Amino acid sequence: MLLDFSRLPAREVYGWMTSAIAPRPIAWVSTVSADGRTNLAPFSFFQGVTSNPPTLLFVPVNNRDGQPKDTIRNIREVPEFVVHAVPHALAGPMNASAATLPYGESEFAAFNIATVASTKVRPPRVAAAPVAFECTLHQIVDVGEGPLAAHVVFGRIHLVHVSDAVLGADGRIDAGKLDLIGRLSGDWYCRTTERFTVERPR
């Protein structure tokens, strides 16, 4: 099979990309508007960038009507956000927060997701999240225009909250205890319950 993406509609291209680029970690991102209204939304185009300086990225894709997601609107007003890792235990609330709500209506309140104050940024944290990165905006790179175009958000990580419950005896994160989920295509997800090691070449 050979796919010429230049001849396919964006929605179909999206389906092929999300089927093949998998599994994808999920960034569960909290933001706040200039007037203090909170937002929480998941994004599965998400990755670390570098540790010097500590930086991550996630990619909100425009709505089908071409308008930017509330997350982008908020970050342009208040350039701070919190990125949460999503374990299997929080799959339900994370998925619920992907619903399209009117701008300004908080997913925290709508889906009874408990919050806790962040330390260095204004958006609150998801209280039950085992890992939360407090970030300030480094840069937004706009890619494309209209429906399904994207905004690559680079965040400078200032502080990380890690639950003691996911630490191993060595004081580091234990992948088994963290039990993260990854996004596949459509409604499919996977868990990090099956793992193997491969020694890196020296």
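**Pockets, a cavity and a surface patch**

Met17 is partly exposed, with a relative accessible area of 33%. This residue, like the rest of the structure described here, belongs to a predicted model. Met17 sits in helix H1, and together with Met1, Leu3, Phe5, Trp16 and Ile21 this methionine makes a nonpolar surface patch of about 610 Å².

From the patch, attention can turn to the open spaces of the model. The largest pocket holds about 1,100 Å³ of space. It is lined by 38 residues, and those closest to the pocket centre are Tyr14, Pro42, Asn63, Lys69 and Ala98. Helix H1, which spans residues 10–20, is one of the elements that supply at least two residues of this lining; the others are strand E3 (38–43), helix H2 (70–77) and helix H3 (91–96). The largest share comes from E3, with 5 residues. By class, the lining of the largest pocket divides into 17 nonpolar, 12 polar and 9 charged residues.

The second largest pocket contains about 330 Å³ of space. Around it stand 19 lining residues, of which Pro25, Ala85, Leu178, Leu180 and Ile181 are the closest to the centre. Several elements give two or more residues to this lining: strand E1 (24–25), strand E9 (131–143), helix H5 (175–178), strand E11 (181–183) and strand E12 (189–191).

How many cavities of 30 Å³ or more does the structure hold? There is 1 such cavity, and the largest cavity has a volume of about 40 Å³. Its lining is formed by Ser33, Arg37, Thr38, Asn39, Asp70, Asn74, Tyr103, Gly104 and Glu105. E3 and H2 each give two or more residues to the lining of this cavity, and these two elements also supply at least two residues each to the lining of the largest pocket.

Definitions and conventions. Residues numbered from 1 in each chain as written. Predicted model: local features only at pLDDT ≥ 70, side-chain atom pairs only at ≥ 80, totals over all residues. Heavy atoms only, no water. 1 Å grid on protein atoms, 1.4 Å probe; cavity = no way out; pocket = protein on both sides within 12 Å on 5 of 7 lines; lining within 4 Å. Points joined across faces, edges and corners; volume = space filled by probe spheres on them. Helix = DSSP H or I, 4+ residues; strand = E, 2+ residues; numbered from the N terminus. Nonpolar A, V, L, I, M, F, W, Y, C, P; charged D, E, K, R; others polar. Patch = residues over 30% accessible without salt bridge, like charges linked within 9 Å, V, L, I, M, F, W, Y side chains within 5 Å. Areas by Shrake-Rupley, 256 points an atom, 1.4 Å probe, with all protein chains shown as cover. Salt bridge = Lys/Arg side-chain N within 4 Å of Asp/Glu carboxyl O. Buried < 20%, exposed > 50% of the residue type's maximum accessible area, 1.4 Å probe, protein only.
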